[in-house]
Amino acid sequence: MTQPSILLDGLPVPFVDGQTIMDAAMAADIFIPHLCHHPEFKPQGSCKLCTVKANGRYVSACTLPARDGMEVENNSPDLNDKRRTLLQMLFVEGNHFCPSCEKSGNCMLQALAYELEMLSPHFDQFYPNRAVDASHPEVLLDFNRCILCELCVRASRDVDRKSVFSLSGRGIDKHLIVNAESGRLADTDFSWADKAAHVCPVGVILKKRSGFAVPIGKRRYDVEPIGMQVERLAARSADEES
Amino acid sequence: MGAEREPERGAERVVVGDKRKLRLATASLAGCFGCHMSLLDIDERLFELVERVDFDRSPLTDIKHCGACDIGLIEGGICNAENVHVLREFRSHCKVLIAVGACAVNGGLPAQRNHLDLGQCLQEIYLTAPDIVGGKIPNDPELPLPLDKVHPIHEIVRIDYFIPGCPPSGDAIWKFLTDLLDGRTPRLGHPLLHFD
């Protein structure tokens, strides 16, 4: 019996039972833009960057199981336009002033904006003012850059078994919080060795005293666009690269 | 010899003149002139540029007001009343207006003051800082009034194109301008498109 496959942008891509469209694409080294997805975690489909058209319907590639013969549209002007709009909304909601961010050059949000040729924020800026948490000896938290992907929440809860992070509030008031009475990271048992410290796609969870160590031009996405790094997308923080 | 060469040069000029030279204006608003430095960073390609465009208002010409132009390059965001006037003058005189650099595109570094109270900022800088003696907040009528918040320029007027970067490289500016001058859709790919 032949292996089942989906038709991804006209290309037959095989999959094994239980794989999502995203799994099948990544295994075939085909890039589907994503932010809240991480190959080592259970998908939750919240960022919607991976929206594809499967048999004519908009679906999240990271959550929809692949089915034999499914026709999937991924890299098309229509979908990339929508993805760019999602990115623009994420950019204006936070404070993504790249030149002052230690994650710049290694940031998935930024790399996706390059990949999808986002040239302007289009919408009016929110300029949020959320206090940073520098209480922890090893790690700085800048909440102004959080895109609510919940990867740190999932990693801390499911892998580290510490449940250090959570999302609180609803709608536009939704924000990342730290599980301590004081709300400070120093008052948790969080450590840099935790999985949760190494999954942030943007510049919220940063290792102290290591920023800007790699010169511009040599950083991860300076060297190669994100679309050509499909196999390495599980690694997120700078020290995992080296 | 000289008498023979003169008409040839004249003939060349006519040929060039048939293709009307475009007019280009540039200005820095709430920026650091870093993007203008990047424009100079196209180095000897500046000669090619001045073959193809005439500079109108720009720090390079010291012309103070923008005339009718084909292309306007704006560096910097909007932090005071004068910025708004200059930007509107550019919009009304330029057929194509381009936001150049992070500050013009999203407010950039000056916009990082947006979560601070402007009045308190001025007080701290001019009145209560430790080494200030008998200071006062400047209020000369010639000084443009600062705005409460810093804004990217697309929040004030319609912008046709954006060149992000802090600053965009000379190569990025050159690629964009030559695409535009040659009638192609301007496009910055990897690694010319960057935000820092």
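This report walks through a predicted model with chains A and B, starting with the ground rules.

## Ground rules

Residues count from 1 along each chain as its sequence is written, while chains are lettered from A and ligands numbered from 1 in the order in which they are written. Because the model is predicted, local features need pLDDT of at least 70 and side-chain atom pairs count only at pLDDT 80 or more, though totals for chains, interfaces and linings use all residues; side-chain values use heavy atoms, with hydrogens and water left out.

## Chain A at a glance

Chain A has six helices and nine strands (DSSP runs numbered from the N terminus: helices are H or I with at least four residues, strands are E with at least two). Its radius of gyration is 18 Å, close to the 18 Å from the globule rule for 242 residues, so chain A is as compact as a globular protein of that length. That radius is taken over C-alpha atoms, and the rule is 2.2 Å times the number of residues to the power 0.38. Along the principal axes, the C-alpha atoms fill a box of roughly 55 × 40 × 40 Å.

Take the contacts in chain A (heavy atoms within 4.5 Å) between residues at least 6 apart in sequence: 62% of them join residues at least 24 apart.

Chain A splits into domain 1 (8-75) and domain 2 (97-241), with bounds that come from an automatic or database domain assignment. Their C-alpha centres lie 24 Å apart, and the contact takes 18 residues from domain 1 and 23 residues from domain 2. UniProt, in an unreviewed entry, places "domain: 4Fe-4S His(Cys)3-ligated-type" at residues 78-117 of chain A; such annotations use the numbering used here, have shortened feature names, and may be inferred rather than shown by experiment. That span is 60% helix and 0% strand, with its end C-alpha atoms 14 Å apart.

Now look at helix α4 (residues 151-159) of chain A, whose buried residues include A:Leu151, A:Val153 and A:Ala155. The buried residues of α4(A) pack against β7 (165-168), β8 (175-178) and β9 (205-207) of chain A. Just after α4(A), A:Arg161 takes a positive phi of about 55°.

## The nonpolar cores

The largest nonpolar core has 91 residues, and A:Ile6, A:Ile21, A:Leu35 and A:Phe165 have the most contacts inside it. (A nonpolar core is a set of buried Ala, Val, Leu, Ile, Met, Phe, Trp, Tyr and Cys residues joined through side-chain atoms within 4.5 Å.) Helix α7 (residues 170-181) of chain B gives the most to this core, with seven residues. Domain 1 (8-75) and domain 2 (97-241) of chain A both give residues too, so the core lies between them.

Leaving aside neighbours within four places in sequence, the contacts of A:Ile21 include A:Ile6, A:Ile32, A:Val52 and A:Met70. A second, separate core of 20 residues includes B:Ile78, B:Val84, B:Leu87 and B:Ala104.

## Chain B

Chain B has seven helices and seven strands, and 43% of its 196 residues count as buried. Its C-alpha atoms fill a box of roughly 75 × 40 × 30 Å along the principal axes. An unreviewed UniProt entry gives "domain: NADH:ubiquinone oxidoreductase-like 20kDa subunit" for residues 32-179 of chain B, a stretch that is 36% helix and 20% strand.

Chain B averages a pLDDT of 91 (the predictor's confidence in each residue, from 0 to 100). Over residues 1-18 of chain B, however, pLDDT stays under 50, and the model has zero contacts beyond four places in sequence for them.

Technical notes
Buried means under 20% relative accessible area, exposed over 50%, partly exposed in between (1.4 Å probe, protein chains only).
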